[in-house]
Amino acid sequence: MVVPVDLPGSTDQELYIQLRNSFLDNLNSNGNYDDYEEADIERIRTDDKYCNRFILHKKGKFEEALEMMDEALRWRKSFGVKDVSMATLPLEFFEAKAVFPYNKDKEGNPIIMILVRYHKKAPEFAKELRRFVIYWVELMEEQTKGGQMTVIMSCVGAGLSNLDLDLIKFLITLFRSYYPDSLAHILIYEMPWILHPAWKIIKAWLPEDFVDKIKFIKKDSIQDYVNADNLPVDMGGTNTTEYQPPTQEDLNNAKNANEKRVHFSHNPESLCYTKGIATENGSPPKPSQVVITDDYTVIGGILKISPATHLLFNKPSDDATNDVVIKLSCMSEKAVSFKVKTNNIQSYRVKPSLGTIQPGNSIDISVVLLPGYLPQPSDKFLIMAMEISDPTLSTPNLNILWKSTSTDMIADHKLKCVLKPEEPQEPELEKSLKNLNMVLTNLETKLQALDAKQTSIIFRQTLQLCLTVFLVMMFLGHAFLHTDTFWPAVFDKYFG
């Protein structure tokens with residue numbers, strides 16, 4: 001798909017129109033349509049207010065606004081924002097009543113209420129919790145038609161166990177980098193003194209102009225921002241309305257309403273099935289079998305994929321990248337176009353994700369697991385292939401071809417992402433015994449050296465004693481044999 005671009009107009013052209021044109025020009029030049037959601041590209045093309053919000057957010061700095069627009073749209077695709085809905089979130093998150101919408105502030109901005117005391121940091125649920133926050137932010141975006149919102153973080157009853165700096169940083173990053181000019185205020189209500197040091201950490205993440213949006217308030221000052229009739233009673237207000245979370249029936253109805261989810265709807269779960277392959281003249285596809293061996297898989301008789309069924313990732317480490325290679329080989333007499341997709345684009349990067357392979361040639365696809373992520377049981381990569389008659393098609397034209405080709409005419413195959421099994425570890429007891437044995441052996445060697453040294457010392461002492469005794473005996477013998485002359489001579493020498 002080639003995105004139409006408004007041609008540059010006069011010099012007094014609105015800045016947001018120039019921003020739109022620059023973004024779409026870059027998109028058409030680079031052909032990286034898969035980096036963005038189609039709905040987001042359409043929004044850039046048609047929503048003047050949305051484009052202008054980037055200009056307002058960056059205070060008229062064009063290049064910074066363009067960079068933010070590109071970053072925000074890439075993030076929306078990688079995070080999977082379009083797939084976040086009530087139907088895809090755990091009911092328990094709603095029932096906890098820790099995050100929910102609550103009336104409006106004095107400026108008419110909708111409020112997202114966060115009760116910090118109900119939050120417990122749980123790394124295993126971090127991703128889902130972020131999706132939950134995104135759900136409410138997106139809902140506010142829809143209700144305000146691109147207006148602003150206020151966040152109230154009530155710290156009443158909260159302690160260190162409720163503090164989640166990662167979540168706070170994520171929330172701030174949303175409004176700083178991904179939702180332009182959408183934050184009116186963050187009101188931090190009744191922060192206890194024990195949490196004050198955390199503010200110094202948080203403040204270091206913020207640009208100076210963003211710090212001004214954060215206000216520390218108490219019961220006697222919150223009505224500077226929110227009227228009493230829009231505040232709950234425990235904050236000094238008069239509103240007795242309580243947030244009612246959705247029920248399981250509500251979630252079931254949302255699912256039945258065909259809300260979007262991340263999946264490969266056209267690809268059966270089975271790893272071996274019959275699939276149609278596109279023909280040159282567009283005639284009905286011929287059936288083709290997926291053949292799986294220990295080392296590779298062949299789909300539709302046109303593309304060989306190695307490895308066969310699983311991508312094995314190493315355990316993440318600080319000193320090495322964690323990537324694997326998918327080797328694709330063209331088995332057809334015609335050129336084959338391939339496309340690689342994943343259902344977890346937040347955790348992986350793929351290069352290249354789209355291209356063409358000439359007959360008899362191969363290409364290596366690099367799949368990188370990003371730092372901070374582990375392969376999840378549901379993570380998969382979808383490899384798709386179809387024969388094409390023109391191997392010289394450019395990337396934009398390949399995109400057009402893929403979008404216009406029926407899924408029934410494409411061969412595909414899924415690879416599951418798993419963590420490579422670690423080498424078998426010695427049982428702890430056996431390991432401890434081995435270490436103890438080494439210590440004892442070392443001690444025994446030292447004792448043997450000490451014994452040898454002690455034996456040498458005893459030998460020398462015995463020799464010295466024997467020599468002393470010998471000399472004393474000689475002296476006494478000499479005195480005994482010469483008694484008539486020895487003793488008078490001694491007496492005369494020392495006492496005479």
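Predicted model: local features only at pLDDT ≥ 70, side-chain atom pairs only at ≥ 80, totals over all residues.
Biologist: Let's start with sheets. In what order do the six strands of the open sheet come?
Modeller: The order is β8-β9-β10-β12-β16-β14, and the pairing is antiparallel.

Biologist: Which strands are at the edges?
Modeller: β8 (291-292) and β14 are the edge strands. Each of them pairs on one side only.

Biologist: What holds strands of a sheet together in general?
Modeller: Strands of a sheet pair through backbone hydrogen bonds, either parallel or antiparallel.

Biologist: How many bridges join β12 to β16?
Modeller: Eight bridges join them. β12 covers residues 322-330, β16 covers residues 362-369, and the two run antiparallel.

Biologist: Give me a contact I can look up. Which residue is the bridge partner of N322 in β16?
Modeller: That is L369.

Biologist: And how many bridges join β14 to β16?
Modeller: Four bridges, with the strands running antiparallel. β14 spans residues 348-351. To find the pairing, look at R349, which stands opposite V368 in β16.

Biologist: What about β9 and β10? How many bridges there?
Modeller: Three bridges join β9 (residues 297-299) to β10 (residues 303-306). These strands also run antiparallel. I299 in this pairing has L303 of β10 as its bridge partner.

Biologist: Now β13. Which strands is β13 joined to by bridges?
Modeller: β17 is one of them, with eight bridges. β15 (residues 354-357) is another, with four bridges. β13 runs antiparallel to β17 and antiparallel to β15.

Biologist: Which residues should I click on?
Modeller: For β17, take K341, whose bridge partner is L382. For β15, take V336, which stands opposite I357.

Biologist: How many of the eight residues of β13 are buried?
Modeller: Seven of the eight.

Biologist: Where does S389 sit, and is S389 buried or exposed?
Modeller: S389 is in the loop between β17 (380-388) and α11. Its relative accessible area is 57%, so S389 is exposed.

Biologist: Change of topic. How many salt bridges are there?
Modeller: The count comes to 13 salt bridges.

Biologist: Why would side chains pair like that at all?
Modeller: Side chains of opposite charge can pair when their charged atoms come close.

Biologist: Which residue does D35 form a salt bridge with?
Modeller: R74, with the closest N and O atoms 3.0 Å apart. D35 is in the loop between α1 (15-30) and α2 (38-46), while R74 is in helix α4, so the pair ties together parts that are 39 residues apart in sequence.

Biologist: What about K403? Which side chain does K403 meet in a salt bridge?
Modeller: K403 meets E38, at 2.8 Å from N to O. K403 lies in helix α11 (residues 395-404) and E38 in helix α2, so this pair ties together parts that are 365 residues apart in sequence. K403 has 39% relative accessible area and is partly exposed. E38 is partly exposed at 46%.

Biologist: And E190?
Modeller: E190 and K218 meet in a salt bridge, at 3.8 Å from N to O. E190 belongs to the loop between β4 (183-189) and α8 (196-203), and K218 to the loop between β5 (214-217) and α10 (248-256), so the pair ties together parts that are 28 residues apart in sequence. E190 is partly exposed at 25%, and K218 is partly exposed at 45%.

Biologist: Which residues are linked in a network of salt bridges?
Modeller: R43, D47, R53 and E141 are linked that way.

Biologist: Last one. Which residues gather in the patch of negative charge?
Modeller: E63, E64, E67 and E71 gather there, on the surface.

Biologist: Where is E67, and how accessible?
Modeller: E67 lies in helix α4, which covers residues 62-79. Its relative accessibility is 56%, and exposed means over 50%, so E67 counts as exposed.

Technical notes: Residues numbered from 1 in each chain as written. Heavy atoms only, no water. Patch = residues over 30% accessible without salt bridge, like charges linked within 9 Å, V, L, I, M, F, W, Y side chains within 5 Å. Areas by Shrake-Rupley, 256 points an atom, 1.4 Å probe, with all protein chains shown as cover. Salt bridge = Lys/Arg side-chain N within 4 Å of Asp/Glu carboxyl O. Lys, Arg positive; Asp, Glu negative; His and termini not counted. Charge placed at Lys NZ, Arg CZ, Asp CG, Glu CD. Buried < 20%, exposed > 50% of the residue type's maximum accessible area, 1.4 Å probe, protein only. Pairing = 2+ DSSP bridges.
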